[in-house]
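User: I am new to reading protein models. Can we go through this one together, step by step?

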Amino acid sequence: MKSSTGALSQLDAEYSDPTALQVRIDIHRRYSEKPHDPQADVLAAINLTGAEYLADIGCGDARFLASLAAAGHQGPLVGVDTSAAMVGSADLIPGVRGILADATRMPFDDNTFDVLTARHMLYHVPEPVAALAEFRRTTKPGGTVSVVVNRPRTCPRLRELITAHAATYGIDRTDAPPYTVDADSLPPLMNEVFGTATLLRRDNALVFDSPGPLIQFAESLFTFDGIGPGNPHRSAILTDLTADIEDWFTYHPGQAWRDPKGYLVATATVPE
Ligand SMILES: C[S@@+](CC[C@H](N)C(=O)[O-])C[C@H]1O[C@@H](n2cnc3c(N)ncnc32)[C@H](O)[C@@H]1O
């Protein structure tokens, strides 16, 4: 049976509340094989003085902007997101303005920002080149645009398990929100829009030595495999998946569940 909500509205529902996003951020922080700090990689790439007018597109719970404000950034800080809850998080931070807008149609004049970041959001945009063109339009010539996306097939073992359980309830990839760009497909798009880009690839893995956090992480990914927040089979799929993951740890004593992942930071200077 197909899901009752469309793939894009599932995405809206997913981000109507920051909880699942925060679970994923926390899991990556705690269970990565090598240090995982995309925020530090973006900061190194954009090399701020603290005076810049900076926009973070798809700002999520605005923790990046909060950290900039806490570090004493003096220039204006803006968080843009399609989720009212995320924009609300940005608005709560002193010195930060939240704007409810789509990355492809932003209510800013040409050449507004000194720096624009779009971290882990471009793959949700149905037309990523339109968003990149909007990033170029709104950033000053000589300004910096930094985009982070995941490598292809992040955590394939877990995703395959989720997909298999979803399939037993008639849910397939066509029920999932589109995933439009990854670390392999982004570089040519950056070159198309900006001429060239500097690339930083981080290959890593998540490693779990007990079922609890792996199950929690799996549930936080359900929407991206078509099991959206309103799906009537969600709790049954979670029950089945939990049993499967617990069995895996029972039958593989002393072994850890390792799943490859990684991301790309692509940074460009807007041509003069
Ligand atoms: C995976 S979260 C990343 C949040 C944050 N950048 C981070 O790295 O923690 C993706 C965010 O992009 C937002 N988003 C999705 N599509 C968008 C669009 N077309 N325009 C602006 N924001 C969008 C979602 O609402 C969500 O807050």
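User: Is Asp-225 buried or exposed?
Analyst: This is a predicted model, where local features need pLDDT of at least 70 and side-chain atom pairs count only at pLDDT 80 or more, while totals for chains, interfaces and linings use all residues. Residues are numbered from 1 along each chain as its sequence is written, and side-chain values use heavy atoms, without hydrogens and water. Buried means under 20% relative accessible area, exposed over 50%, and partly exposed in between, with a 1.4 Å probe and protein chains only. Asp-225 has 4% relative accessibility, so Asp-225 counts as buried.

User: Which side chain does the side chain of Asp-225 join in a polar contact?
Analyst: Asp-225 sits in the loop between helix H9 (211-221) and helix H10 (234-251). Helices (H or I, at least four residues) and strands (E, at least two) are DSSP runs, numbered from the N terminus. A polar contact is a pair of N or O atoms within 3.5 Å; within protein, one must be able to donate a hydrogen and the other to accept it, and residues adjacent in sequence count only if both atoms are side-chain atoms. At 2.7 Å, the partner of Asp-225 is Arg-173.

User: Where do the buried residues of helix H5 lie, seen down its axis?
Analyst: The buried residues of H5 (residues 84-91) are Met-86, Val-87, Ser-89 and Ala-90. They fall within an arc of 155°, taking the directions from the helix axis to the C-beta atoms. They therefore line one face of the helix.

User: Which elements do the buried residues of H5 pack against?
Analyst: Packing here rests on contact, meaning heavy atoms within 4.5 Å. The partners are helix H2 (19-31), strand S2 (77-81) and strand S3 (96-100).

User: Which residue caps the N-terminal end of H5?
Analyst: Look for a side-chain oxygen 3.3 Å from the backbone nitrogen of Ala-85. That oxygen belongs to Ser-83.

User: How much of the ligand's accessible area does the protein cover?
Analyst: A polar side-chain atom of Asp-81 lies 2.5 Å from an oxygen atom of the ligand. A backbone N or O atom of Gly-58 is 2.7 Å from a ligand nitrogen, and a polar backbone atom of Arg-119 is 2.8 Å from a ligand nitrogen. On its own, the ligand has 600 Å² of accessible area (Shrake-Rupley method, 1.4 Å probe).

User: What is the phi of Ala-62?
Analyst: Most residues other than glycine have a negative phi. Ala-62 is not a glycine, yet its phi is positive. Ala-62 lies in the loop between strand S1 (54-57) and helix H4 (63-70), and is buried at 0% relative accessibility. Its phi is near 70°.

User: What is the relative accessible area of His-120?
Analyst: His-120 lies in the loop between strand S4 (113-119) and helix H6 (128-138). His-120 also has a positive phi, about 50°, although it is not a glycine. His-120 is partly exposed, with a relative accessible area of 25%.

User: Which backbone oxygen does the side chain of Thr-250 reach?
Analyst: Thr-250 is in helix H10. Thr-250 counts as exposed, at 54% relative accessibility. At 2.9 Å, its side chain reaches the backbone oxygen of Glu-246.

User: How far apart in space are Gly-254 and Asp-209?
Analyst: Gly-254 is in the loop between H10 and strand S7 (257-269), and is exposed at 88%. Gly-254 and Asp-209 are 45 residues apart in sequence. C-alpha to C-alpha, the distance is 7.8 Å.
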